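The text takes a few pairs in turn.

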Amino acid sequence: MPMKRSSDSSGRDGVFLIHSLTKTLCSSPEETHTDFNGQTHIPQEDDSGIKSEAEDSNETPSSEEDQDLVDFNPDLTNIKQSISSSRKTISQIIKDKKKQTQLTLQWLEENYIVCEGVCLPRCILYAHYLDFCRKEKLEPACAATFGKTIRQKFPLLTTRRLGTRGHSKYHYYGIGIKESSAYYHSVYSGKGLTRFSGSKLKNEGGFTRKYSLSSKTGTLLPDFPNAQHLLLQGNISREKVDTLIMMYKTHCQCILDNAINVNFEEIQNFLLHFWQGMPDHLLPLLENPVIVDIFCVCDSILYKVLTDVLIPATMQEMPESLLADIRNFAKHWEHWLASSLENLPDCLAAKKLPIARRFVSSLKRQTSFLHLAQIARPALFDQAVVTSMVLDIDNVDLSSISSQPLVSINATGDQDPDIYSEYDSITVFQELKELLRKNATVESFIEWLDSVVEHKVIK
């Protein structure tokens with residue numbers, strides 16, 4: 001017959017039980033524990049990798065002695081409830097993390113795309129992620145955990161270390177930012193002097209991909225001016241002006257669509273059809289200075305979009321046939337436009353043609369630059385050619401060349417020669433040689449040229 005336990009003995013056993021449970025909760029998985037029955041236990045882990053003492057805490061007391069302890073020590077019940085509550089909290093944390101991972105994967109889907117030959121610095125991608133977490137009020141994961149999430153979304157992604165010695169950075173290779181993303185312009189429109197400024201970041205490492213206009217199919221023109229916002233003098237009908245602007249936007253969209261489809265020859269027919277087929281009731285509007293100015297504004301919008309779709313913003317490799325077609329289009333554009341405006345008010349041609357001339361000049365410059373870059377790219381990776389160029393620069397008398405402009409400046413007294421001391425001609429040639437020796441990419445040369453123009457010309 002079991003002996004009756006004294007209250008002092010029960011109290012001591014209760015304290016020992018609480019101490020044992022507390023120790024079990026706070027110890028590491030490697031530790032073993034001895035319960036009040038003298039049995040040794042090794043804590044087990046559940047499938048989530050989190051220790052589970054709930055099996056012990058949720059068990060029904062297996063003996064009369066255990067039940068007495070539970071009844072005698074009400075604090076034990078609170079501890080069991082605390083353990084249960086802790087388990088619920090851990091379960092909630094796991095659910096929250098899974099939800100955040102799903103949100104991150106969805107965000108990656110909306111903003112990034114598999115893009116062969118394109119690199120993105122890892123630090124920039126992580127900065128975008130931190131911005132996303134801030135806006136969504138999420139606790140950001142560390143860079144390593146974020147990297148695993150990226151690879152979950154883009155399993156074929158690789159990592160490359162790019163840049164000059166001492167300034168290299170890790171990049172994700174094979175991923176690009178979607179043009180619809182809010183991050184696109186913050187990364188791809190660097191503050192430079194040319195359309196290709198910032199191309200080192202856009203296309204790090206000189207990896208190029210073929211450029212195709214087919215990806216621009218469906219591009220729409222932005223809004224044109226609204227007749228309701230114009231100050232029209234006389235009895236000019238706003239309805240007629242609205243009709244004319246709508247007709248002109250449709251005409252410009254046709255030009256854009258044919259340019260994207262490389263049907264440049266058809267554009268001449270569209271020009272003639274629109275201007276020479278102008279309805280009689282709208283002809284008087286073509287003499288109004290306000291309406292002519294509106295046409296010029298619309299032309300500027302069209303030329304901006306045409307430049308954007310015809311000339312890539314990155315140093316992508318354009319097929320020679322496409323470059324030739326664009327140059328040929330630029331060569332004929334002004335003549336086609338002038339022919340289509342014959343027998344119409346002179347003020348129309350006087351205003352439209354100068355704007356067309358600037359567009360043509362810009363198109364010719366940029367296609368020539370792209371052509372030169374494509375020729376230079378393989379040459380810059382030919383060690384024999386690069387070595388020969390460096391030797392040629394070494395044979396140039398740099399001191400004599402750089403002293404002449406400084407002497408000229410001193411003679412006039414108009415400029416302070418000190419402003420050239422930090423960034424003079426010798427420095428420029430030394431930087432050029434250094435870039436050649438490092439087999440720098442075309443993108444690196446563009447960035448360097450930007451800095452030279454900014455310091456030597458603009459400032």
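Contact here means that heavy atoms lie within 4.5 Å. The model is predicted.

Start with helix α9 (residues 238-260) and α11. Their axes come within 11 Å and cross at roughly 20°. An angle under 35 degrees counts as roughly parallel, so α9 is roughly parallel to α11. The crossing is right-handed. On the α9 side, the residues that meet α11 are Val-241, Leu-244, Ile-245, Tyr-248, Cys-252, Ile-255, Leu-256, Ala-259 and Ile-260. On the α11 side, they are Ile-291, Ile-294, Phe-295, Cys-298, Asp-299, Leu-302, Val-305, Leu-306, Val-309 and Leu-310. Sorted by class, the contact of α9 with α11 holds 18 nonpolar residues, no polar ones and one charged residue.

Helix α11 can also be examined by itself. It covers residues 289-310, which is 22 residues. At 1.5 Å a residue, a helix of this length should span 32 Å, and the C-alpha atoms at its ends are 31 Å apart, so the two values agree. The N-terminal end of α11 is capped by Asn-288. A side-chain oxygen of Asn-288 lies 2.8 Å from the backbone nitrogen of Val-290.

Next, turn to helix α12 (residues 320-340) and helix α13 (residues 346-380). Their axes come within 10 Å and cross at roughly 165°. Angles over 145 degrees count as roughly antiparallel, and α12 and α13 are therefore roughly antiparallel to each other. This crossing is left-handed. Among the α12 residues that meet α13 are Leu-323, Ile-326, Arg-327, Phe-329, Trp-333 and Glu-334. Those of α13 include Lys-352, Leu-353, Phe-359, Val-360, Leu-363, Thr-367 and His-371. The residues of the contact of α12 with α13 comprise 13 nonpolar, three polar and seven charged.

What is the angle at which helix α5 and helix α6 pack? Helix α5 (residues 122-136) and helix α6 (residues 143-153) pack at about 95°, and their axes are 11 Å apart. An angle of 65 to 115 degrees counts as roughly perpendicular, so α5 and α6 are roughly perpendicular to each other. Leu-125, Tyr-126 and Tyr-129 of α5 make the contact with Ala-143, Phe-146 and Ile-150 of α6. The contact of α5 with α6 has six nonpolar residues, no polar and no charged ones.

Technical notes:
Residues numbered from 1 in each chain as written. Predicted model: local features only at pLDDT ≥ 70, side-chain atom pairs only at ≥ 80, totals over all residues. Heavy atoms only, no water. Axes fitted to C-alpha atoms, helices over the stretch in contact; angles between N-to-C directions. Helix = DSSP H or I, 4+ residues; strand = E, 2+ residues; numbered from the N terminus. Left-handed = near helix turned anticlockwise from the far one by under 90°. Nonpolar A, V, L, I, M, F, W, Y, C, P; charged D, E, K, R; others polar. Expected span 1.5 Å × (residues − 1). Polar contact = N/O pair within 3.5 Å; in protein donor to acceptor, adjacent residues only side chain to side chain.
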